Amino acid sequence: MERAGEIVITTGGPRGARRGARKWGEIVPKGVVTSVALSGIWLMAFIIFFLIKEGAPILKETSLTEIALGQLWYPVSNPPSYGMLPLIAGSAAVTLLSSIMAIPFGVVLALFISDVCPERAREFCKVSLEILGFLPSVVLGFIGMAVIAPHMQMKLELLSGLNMLNASFLLGILILPTIATLSEDSLYAVPQAMRDASYALGGTRCETMFKVVLKCASRGIAQAAILGVMRSVGETMVVLMAAGGAAIIPLAMSDPVRPLTSTIAAEMGETPVGSPHYHALFFMGCLLLFITIALNILVLRIESGGGEK
Amino acid sequence: MEEAKMVTKSLFMSYSRNAPPALKDVTMDIRANSVTAFIGPSGCGKSTFLRCLNRMNDFVRDARITGRVLLDGMDIYSPEVDVTNLRRRVGMVFQRPNPFPFSIRENVAYGPKLLGARDESVIDEIVENSLRSAGLWEEARDRLNDMATSLSGGQQQRLCIARAIAVEPEVLLMDEPTSALDPIATARVEELVRELKRDYTVAIVTHNMQQAARVSDTTAFFLMGELVEYGPTDVIFTTPTDQRTEDYITGRFG
Ligand SMILES: Nc1ncnc2c1ncn2[C@@H]1O[C@H](COP(=O)(O)OP(=O)(O)O)[C@@H](O)[C@H]1O
Ligand SMILES: [Mg+2]
């Protein structure tokens, strides 16, 4: 096809001129695209470099095991203690709990939109989800503080409504649109022929949805879920406002937590540049970055056929 | 020969209120343990008719169907009929091979599992028997856990036949099952169709008249939603009574 097109173009007029024009017409946009793409990579490389450069010096103050396993985060005490385990546990806890809430719900919602909704309602549902996705996280955090926390405190008779459960719930709402819309895209893209095959074997609508359509779209759904998890790990404002901020390893859902992100946000402004505390916060930044990169690679691997033999 | 397995009585079908009927007054028998071929030019309603026989047209929201379709004398459109059970009894193979993106084994096992098969050894046996009946066992026995999509097009279509057979249907509907296949794969499927009639009643749509002549016992010729002529295949292809049938099979239009 392309060859045929080329011939038509080059026989159209004076050969050299046409070719030259074509060449420039290709090289210039190509150059622009390449440099733009590369600038992204450069920027990324610079950020990684900067984070590592500012984060690594903390290892001169304390050991990696102390950072990873230490249970005390007292960066401004004397002597200071840089144990990040409570913060890591806090991040893990809210991420896990929000994922447990949002992934199943998001996937079922997506299945409902793709396979149960009539076409018109489908558009409406998708738009509503997207609007929910536009919600600034600070607004969500505000709702968590002003509405959910007092209720939770009263109904469950807790010391404080600002805790892991509250933050996870808000995070769940925050990542739901990502998970649901991306899952829906891949569910909707499952060919009708797959559904027909199931119906023709005597499958009911439910069986077809859960045993065929869901499985056919499993890769896209896994990607959607991971992207949701990624957002949940990196989200700052909601946890800063609603998680309670106590640097303890949570043992119950009603415990307040202090995830990595909110720690950085809360403390970066108050620490002298170049101090061990400052480096420790950058170290956390590295940690978050590597988690996100790892999740990204996971998504890419799924795309390039991880599940297939 | 045998008695009618399925019967349609003045079947009318249209895709929407205002659309012209896609089927007009189709009355015919599909005899048990034989191969019935539906031929006719593209768009004449062959697929539509086939999909009326296992109620796959139920998914077309505005479709209207009148007339009767009987399976062993039971009206399949009567309200008390369980459609999923009907579709199990009247299986279907589609125009394009449509295996699930699962393993070969899981594809064949899908139907039996819906019916409640749990015991792995029972499932294994069903898988083997179905693949044998579909002539795919020798090629697939060592790779049952490979993805179905790794099979060739012809193998995929035979897998789809195996998958349909696995729920032990009584009737097998095939909608141009070889139109996406190369000649060798087509020949294998045709051979299979001739074997299948021993155990099943087969109704096959084809746009290829030679294929109809090769595999079928009875041929029905459709034109613009009407059943023009219907009879033993050798009669239809040698001494058709209707001028339009003769025109079609001699290639004057199509
Ligand atoms: N889903 C559908 N909605 C509306 N019209 C349809 C649909 N499927 C088929 N038709 C129409 O019904 C007629 C018969 O189609 P079909 O049964 O597919 O013909 P064939 O299989 O003989 O080629 C055609 O005019 C076609 O345009
Ligand atoms: Mg057709």
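Predicted model: local features only at pLDDT ≥ 70, side-chain atom pairs only at ≥ 80, totals over all residues.
Close-up 1. Once residues up to four places away in sequence are set aside, B:T178 touches B:T186, B:V189 and B:Q211, a contact being heavy atoms within 4.5 Å.

**Close-up 2. The surroundings of ligand 1.** Ligand 1 is surrounded by B:Y15, B:A22, B:S42, B:G43, B:C44, B:G45, B:K46, B:S47 and B:T48, where a residue is near a molecule if one of its heavy atoms lies within 4 Å of it. This shell divides into three nonpolar, five polar and one charged residue, with Ala, Val, Leu, Ile, Met, Phe, Trp, Tyr, Cys and Pro counted as nonpolar, Asp, Glu, Lys and Arg as charged, and the others, Gly among them, as polar. A nitrogen atom of ligand 1 is 3.3 Å from an N or O atom in the side chain of B:Y15, an oxygen atom of the ligand is 3.3 Å from a polar backbone atom of B:C44, and an oxygen atom of the ligand is 2.6 Å from an N or O atom in the side chain of B:S47. Of the 560 Å² of accessible area that ligand 1 has on its own, the protein covers 55%, as calculated by the Shrake-Rupley method with a 1.4 Å probe.

**Close-up 3. Helix α10 of chain A and its residue A:V213.** The buried residues of helix α10 (residues 205-216) of chain A are A:E207, A:T208, A:M209, A:V212 and A:V213. Their cover includes α5 (85-115), α8 (164-188) and α9 (192-200) of chain A, together with α3 (104-114) of chain B. Leaving aside neighbours within four places in sequence, A:V213 is in contact with A:L111, A:D115, A:L187, A:V190, A:R195 and A:T208.

**Close-up 4. A cis peptide bond in chain A.** The peptide bond from A:N78 to A:P79 is cis, with omega near 0°. A:P79 has its place in the loop between β1 (73-74) and β2 (81-82) of chain A.

**Close-up 5. Two aspartates of chain B with positive phi.** B:D25, which is not a glycine, has a positive phi near 50° and lies in strand β2 (residues 23-31) of chain B. B:D72 has a positive phi of about 50°, although it is not a glycine, and its place is in the loop between β4 (64-71) and β5 (74-75) of chain B. B:D25 is partly exposed, with a relative accessible area of 44%, and B:D72 is partly exposed, with a relative accessible area of 41%.

**Notes on the views.** Residues are numbered from 1 along each chain as its sequence is written, while chains are lettered from A and ligands numbered from 1 in the order in which they are written. Local features need pLDDT of at least 70 and side-chain atom pairs count only at pLDDT 80 or more, whereas totals for chains, interfaces and linings use all residues, and side-chain values use heavy atoms, with hydrogens and water left out.

Note on methods
Polar contact = N/O pair within 3.5 Å; in protein donor to acceptor, adjacent residues only side chain to side chain. Buried < 20%, exposed > 50% of the residue type's maximum accessible area, 1.4 Å probe, protein only. Helix = DSSP H or I, 4+ residues; strand = E, 2+ residues; numbered from the N terminus.
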